[in-house]
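Could you walk me through this structure in my viewer? I would like to know what to select and what I will find there.

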Amino acid sequence: MELPVLTVKGLIILAIFGITLLIATYSTYAERKVAAFLQDRLGPNRAGPWGLLQPIADAGKMFFKEDFIPSQASKWLFILGPCLAMLTALMSSAVIPFGDSVRFIWDKVNYEVAIQGIEINIGVLYIFGVVSLGVYGVMVGGWASNNKFSLLGAIRAASQNISYEIALGLSLITILMMTGSLSLRAIIDEQATFFEWNIFTQPLGFVIFLTCSFAECNRTPFDLPECETELVGGYHTEYSSMKLGFYLFSEYINMFVSSAFISCLYFGGFHYPFINEVNQALENSLGAVAGHNVATLIGVVVMFSKIFFFIFFFMWVRWTLPRFRYDQLMNLGWKTFIPLSILNVVLTGAGLLYNFKYATWLIAIVMIVMAVVSTARAPKPNIVPQRT
Amino acid sequence: MTANDELRLSIDYQAMTEFISFFKTLTPTGYLFLILTIITLFSAIGVVTARNPIYSVLALIATFFCLSGHYILLNAQFLAAVNIIVYAGAIMVLFLFTIMFLNLRQDDEESKTNLTKMASVVVGGMLMVMLITIFRAKSAQVPTYSATAFNPKTGLVENLGNLLYNDYILPFELASVLFLVAMVGAVMLGKREAGDRHF
């Protein structure tokens, strides 16, 4: 790789890293603002204008608190836990394409560098592998605390993650079948036209994937590993100071990465309707280099607005739905999602055989009809007016 | 300093220069291989020597990671990713899970009698002898690397899929039937009978 390409690539990687951290930091602020909005409150508004300095104040508080390690805890594993959680959260953004490519001229040679950490032909598997490692941070930390509640939280987290990983992988397989590649860039390029976005061809897969990503991020309604009413604080009961901060922070990074992943897989990544016409117009008016860069910039903005929408969606769900019970969680994962996603795979395969991309709508339509029929046939609730 | 000492020093010096010149001939891949191998060996030894079973499992996970690194050096990206997903990501989590529930203490170490130790040494030694003979056999020799004849797509997903579904379709399907049988067996074992007590 030549030096200019290496420099630009390094800058892009640094920018992705920094932006991941920045967005995760401000997600904590956004979460509190969204919660406040949904509960008709004001939310943080003391530190800085509109409370914008709140995340920095929180981080400062976390750093200066006492860093306590329980005396019976296994010390190195206790430290390793949050490190692993942070590491696995940050690793997965390496293969996500955030934009098309940057063109530049150096010494009269044209270069083109993709806005992506690294393009590998097993991108989806890489992310899947990193996600499956994410559970170690929780498990190691929970066990090392030498606390029954922490251990229970860790065990819950592990069984939840393993259960939902299966449905997650199966719902992904349909996309791999339609694209015929494991590379994320190839998957995005496949969705260049608006009606071929995977959300239109794979509606059921999208719903399953979204729900499973909620479970993988340990977000409400699947936040049983840290369920306060049953487990004190879950796997991080014994943690304090920035170690606790790392656990909480890694959840927000995971949220950002899964939002990015969902936008790549189902919403066309950096594509938007009429992208080709816009690119042509820009390249004709500004030239091949500057026009392409401006078009890429628009793509990056589109990508990030999709990501922000999904981060908002995560928060919206958190402050709307109550938590599942543990047996409901397991039933949903094993008895509903796995059979449904296998059915989805079979139907997608049949659709591909007869060259019809929208075959899985059949399941969605049947499910909607069944839901409507069962609601219509259900006995009406007998509302008795309350007497005073 | 006697002549003998001087001779020995010069031999030492010669060995040293040979060692250094060997290092100079290595490519970056060679360095990566050496470092990775050292880490692999250390974590593999850690699996056997760790007193606490949790540390043992964690060392095993580190070993799997290093093996994945070796796969990547061999240009088998798919195998590396699958190794991490299946072994490090799923099977090892279940291992940890079980060990955490068992809550093993240090005094359980007594269960390893001298007989078991000797038996494991014999079995491990036999495995080592077998592997060494296999790798030294003439029929198992791998042709040396040549830059012109090497196909850079050898270990990638497309080639692997083509091989599995064209040349080795029957063994592949048989293996999947075997997995299915194992899965059905696991479900049967885990199923609660009508009169069983709830845990």
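Begin in chain A of this predicted model by selecting helix α8 (residues 203-216) and helix α10 (residues 241-266), which pack at an angle of about 165° with axes 11 Å apart. Angles over 145 degrees count as roughly antiparallel, so α8(A) and α10(A) are roughly antiparallel to each other. Turn the view to look at how they cross: α8(A) passes α10(A) in a right-handed crossing.

Now show the side chains. From α8(A), pick Phe206(A), Phe209(A), Leu210(A), Ser213(A) and Glu216(A); they meet Ser258(A), Ile262(A) and Tyr266(A) of α10(A). Colored by type, this contact has five nonpolar residues, two polar and one charged.

Next, stay in chain A and select helix α11 (residues 275-286) with helix α12 (residues 288-318): their axes lie 7 Å apart, and the packing angle is about 145°. Here, too, the crossing is right-handed, with α11(A) passing α12(A). On the α11(A) side, the contact includes Val278(A), Leu282(A) and Leu286(A), while α12(A) contributes residues including Ala288(A), Val294(A) and Ile298(A). The contact of α11(A) with α12(A) divides into eight nonpolar residues, four polar and one charged.

Finally, bring both chains into view. How many residues does each chain give to the contact between them? Chain A supplies 17 residues and chain B supplies 15 residues. On the chain B side, select helix α4 (residues 77-102), which gives the most, with twelve residues. Color that side of chain B by type and you will find 13 nonpolar residues, two polar and no charged.

Terms used:
Residues are numbered from 1 along each chain as its sequence is written. Chains are lettered from A and ligands numbered from 1 in the order in which they are written. This is a predicted model: local features need pLDDT of at least 70, side-chain atom pairs count only at pLDDT 80 or more; totals for chains, interfaces and linings use all residues. Two residues are in contact if their C-beta atoms, placed from the backbone, lie within 7 Å. Helices (H or I, at least four residues) and strands (E, at least two) are DSSP runs, numbered from the N terminus. Ala, Val, Leu, Ile, Met, Phe, Trp, Tyr, Cys and Pro count as nonpolar, Asp, Glu, Lys and Arg as charged, and the others, Gly among them, as polar. Axes are lines fitted to C-alpha atoms, for helices over the stretch in contact, and angles run from 0 to 180 degrees between N-to-C directions. A crossing is left-handed if the near helix is turned anticlockwise from the far one by less than a right angle, and right-handed if clockwise. Angles under 35 degrees count as roughly parallel, over 145 as roughly antiparallel, 65 to 115 as roughly perpendicular and the rest as oblique.
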